[in-house]
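Subject: A structure for you to look at

Hello,

Here is the structure I promised to pass on to you. Please open it and keep it beside this email while you read.

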Amino acid sequence: MLSSLLKEHQAKQAAKKETREELRKEALTAAGNLTDALVDHLNVGVAQAYLNEKKLDHEARQLQSNAANFSKQAQQWLQLVENFSSALKEVGDVDNWARSIEKDLKIAETALEYAYKVGPSNP
């Protein structure tokens, strides 16, 4: 009877040990699955952040290129305005020169008319 109790006890212990081993394996598998799921979830966020960063870098380079082009255009516009301003000054100078010549010619015309009217015989 004692030996049968011992065998029964050992059989129960072996069954419990086997059950614990199965539960341990299930727990390890579940922990592995949980870890994989968590890593996958984090990877999705990291991948999205990487794509966003890539887009931002591209847009920053595009903005820098556009700013450089705008600066170049602005410099060209400033040069055109400066050239136009110089041309206007030259036109103003020519206008003043023409007025001065016209005034001098009118003085000469008036002097010649006076000289012709007075003549050499009429002092």
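Let me start with a question: does E102 count as buried, partly exposed or exposed? At 44% relative accessibility, E102 counts as partly exposed.

Before we go on, a note on the model. It is predicted, so local features need a pLDDT of at least 70 and side-chain atom pairs count only at pLDDT 80 or more, while totals for chains, interfaces and linings use all residues. Residues are numbered from 1 along each chain as its sequence is written, and side-chain values use heavy atoms, with hydrogens and water left out.

The overall picture

The chain has one helix and zero strands. Both come from DSSP runs, numbered from the N terminus: helices are H or I with at least four residues, and strands are E with at least two. The radius of gyration of the chain is 52 Å, well over the 14 Å that the globule rule gives for 123 residues, so the chain is more spread out than a compact globule. That radius is taken over C-alpha atoms, and the globule rule is 2.2 Å times the number of residues to the power 0.38.

Along the principal axes, the C-alpha atoms fill a box of roughly 180 × 10 × 10 Å. Helix α1 has 117 residues and reaches 170 Å from its first C-alpha to its last, close to the 174 Å expected at 1.5 Å a residue. The expected span is 1.5 Å times one less than the number of residues in the helix. Just after α1, G119 takes a positive phi of about 65°.

A98 and A31 are 67 residues apart in sequence and 99 Å apart in space, C-alpha to C-alpha. With a relative accessible area of 35%, A98 is partly exposed.

How much of the chain is buried? Of its 123 residues, 0% count as buried. The chain exposes about 11,600 Å², and carbon and sulfur atoms supply 62% of that area. Accessible areas come from the Shrake-Rupley method with a 1.4 Å probe; for residues, only the protein chains shown count as cover.

Salt bridges

Side chains of opposite charge can pair when their charged atoms come close. A salt bridge here is a side-chain nitrogen of Lys or Arg within 4 Å of a carboxyl oxygen of Asp or Glu, and the count comes to four.

- E102 from my question meets K106, at 3.8 Å from N to O. Being four residues apart in helix α1, K106 and E102 are separated by about one helical turn. K106 is partly exposed at 48%.
- E8 and K12 meet at 3.6 Å, N to O. Both lie in helix α1, four residues apart, about one turn of the helix. E8 is partly exposed at 41%, and K12 is partly exposed at 49%.
- R24 and E21 meet at 2.6 Å, N to O. They are three residues apart in helix α1, about one helical turn. R24 is partly exposed at 43%, and E21 is partly exposed at 32%.

Aromatic and nonpolar side chains

The structure holds one aromatic pair. The rings of F70 and W77 have their centres 6.5 Å apart and their planes at 85°, so the pair is edge-to-face. The rule takes rings of Phe, Tyr and Trp (its six-membered ring) with centres within 6.5 Å; planes under 30 degrees apart count as stacked, over 60 as edge-to-face and the rest as tilted. F70 is exposed at 51%, whereas W77 is partly exposed at 47%.

Finally, V94, W97, I101 and L105 make a nonpolar surface patch of about 430 Å². Patches are made of residues with over 30% relative accessible area and no salt bridge: like charges are joined within 9 Å, and nonpolar side chains (Val, Leu, Ile, Met, Phe, Trp, Tyr) within 5 Å. L105 sits in helix α1, residues 2–118, and is exposed at 55% relative accessibility.

Enjoy exploring!

Best wishes

Notes. Buried means under 20% relative accessible area, exposed over 50%, partly exposed in between (1.4 Å probe, protein chains only).
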